[in-house]
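Subject: Structure for you, with notes

Hello,

Here is the structure I promised. My notes follow below it.

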Amino acid sequence: MVDMEERGIQDSLTRIVNEIEGAAALPDAPALAAAVELTADARRVFVHGAGRSGLALRMTAMRLMHLGLQVHVVGETTTPAIGEGDLLLTASGSGTTSGVVSAAETARSVGARVIGITTDPESPLAQLSHAVLVVRAATKTDRSEQQSAQYAGSLFEQLLVLVGDALFDVLWQRSGQSADALWPRHANLEGPFFPVPSSTPPRERDTLTCDCSSPWTP
C-alpha cells in the first residue's frame, strides 16, 4: 500500500512539474519587462488578490520588501491609501473577480499604475492594467482538463508564485545588492506564537489556544 501511495504522489508531482514547465504557460518577455519597469519606478507597491491568488501575491510582497521596496498588502489595517506614483500588483485567474477589478479601477482613478496577472487578455482586469501578464492556465471553474489536470486554479496559482519570484529576481540582480544586504530586512518578530510542549499529544496540540484570561508576565 505504501509503495502504491508513493508512486501515486510521484506521478502527481511529475504531472504538476510538467504542466508548470509548459512554455505556453508563461507570460511573454515584453510583458514581463514592462512589469519590471513599473515595479522599479513605483513610489510604493500594493498587492491584492483573492483566495490562493492573494496568498501567492503575499509571497511576492515579502520578497519585494526584502529588496527594500515599500510594500503594502491591501486589506491589512495598516495599509494606507494608494495614490499617484504608486503601483497595484494584482491577480485574478478569470480577470473578473469583483474586488480585484474594483481595486484596479480605484488605483487608476487616483493615478496609480496597475499590473494585472490573469489567464484572459480580454478580461476587465486586463483592460484596466498598464501591464498585463497573461498566464496560460485553467481558471478555477475550468474542468475541461485541456490546460491543466489539476484541481481548480492550482496551475495559475503555482505560476503566480514563480512569476512573482522572477519579478523579484530581476529587480534583485539589477539592484546589485548581495544576499547579505537583504538579510537584515527579514522579520525578527514572529507571531502570534504560543509555544506548546513537544510532549503534548498531536491531537491536543492542534486544539490548544492561548488563555487570554491569565496575566502576562515578561
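Leaving aside neighbours within four places in sequence, Arg43 is in contact with Gln70, Gly83, Glu84, Gly85 and Asp86; contact means heavy atoms within 4.5 Å. Arg43 sits in the loop between α2 and β1. Helices (H or I, at least four residues) and strands (E, at least two) are DSSP runs, numbered from the N terminus. Arg43 and Glu84 are 41 residues apart along the chain, and their C-alpha atoms are separated by 8.5 Å. Arg43 is partly exposed, at 48% relative accessible area. The cut-offs: buried is under 20% relative accessible area, exposed over 50%, partly exposed in between (1.4 Å probe, protein chains only).

Some ground rules. This is a predicted model: local features need pLDDT of at least 70, side-chain atom pairs count only at pLDDT 80 or more, and totals for chains, interfaces and linings use all residues. Residues are numbered from 1 along each chain as its sequence is written, and side-chain values use heavy atoms, with hydrogens and water left out.

Overall layout

The protein chain has eight helices and five strands. From the N terminus on, the order is α-α-β-α-β-β-α-β-α-β-α-α-α. Of its 218 residues, 35% count as buried. Take the contacts between residues at least 6 apart in sequence: 66% of them join residues at least 24 apart.

The cores

The largest nonpolar core has 32 residues. Such a core is a set of buried Ala, Val, Leu, Ile, Met, Phe, Trp, Tyr and Cys residues joined through side-chain atoms within 4.5 Å. Val45, Val47, Leu89, Ile115, Ile117, Leu133 and Leu160 touch the most other members. At least two residues each come from α2 (29-41), β1 (45-49), α3 (51-67), β2 (71-73), β3 (87-91), β4 (113-118), β5 (131-134) and α6. Helix α6 gives the largest share, nine residues. Another core lies apart from this one; it has eleven residues, among them Leu88, Val100, Ala103 and Leu128.

Ile117 deserves a look. Beyond its neighbours within four places in sequence, Ile117 is in contact with Leu89, Thr90, Ala91, Ser92, Leu125, Leu133, Val135, Phe156, Leu160 and Val163.

The expected span is 1.5 Å times one less than the number of residues. Helix α3 has 17 residues that should span 24 Å, and its end C-alpha atoms are 25 Å apart, which agrees.

Buried residues in α3 are Ser53, Gly54, Ala56, Leu57, Thr60, Ala61, Leu64, His66 and Leu67. They pack against α2, β1, β2, β3, α6 and α7 (179-182). In α6, the buried residues include Phe156, Leu160, Val163, Gly164, Leu167, Phe168 and Leu171.

How do the axes of α3 and α6 cross? They come within 9 Å, at roughly 10°. The two helices are therefore roughly parallel to each other. Axes are lines fitted to C-alpha atoms, for helices over the stretch in contact, with angles from 0 to 180 degrees between N-to-C directions. Angles under 35 degrees count as roughly parallel, over 145 as roughly antiparallel, 65 to 115 as roughly perpendicular and the rest as oblique.

The contact between them involves, among others, Ala56, Leu57, Thr60, Arg63, Leu64 and Leu67 of α3 and Phe156, Leu160, Gly164, Phe168 and Leu171 of α6. By class, the contact has eleven nonpolar, five polar and four charged residues. Here Ala, Val, Leu, Ile, Met, Phe, Trp, Tyr, Cys and Pro count as nonpolar, Asp, Glu, Lys and Arg as charged, and the others, Gly among them, as polar.

- Thr60, in α3, is buried at 1% relative accessible area. Leaving aside neighbours within four places in sequence, Thr60 is in contact with Leu89 and Gly164.
- Phe168, in α6, counts as buried at 9% relative accessibility. With neighbours within four places in sequence left aside, Phe168 is in contact with Arg63, Leu64, Leu67 and Leu182.

Phe168 and Thr60 are 108 residues apart in sequence, but 7.3 Å apart in space, C-alpha to C-alpha.

Best wishes
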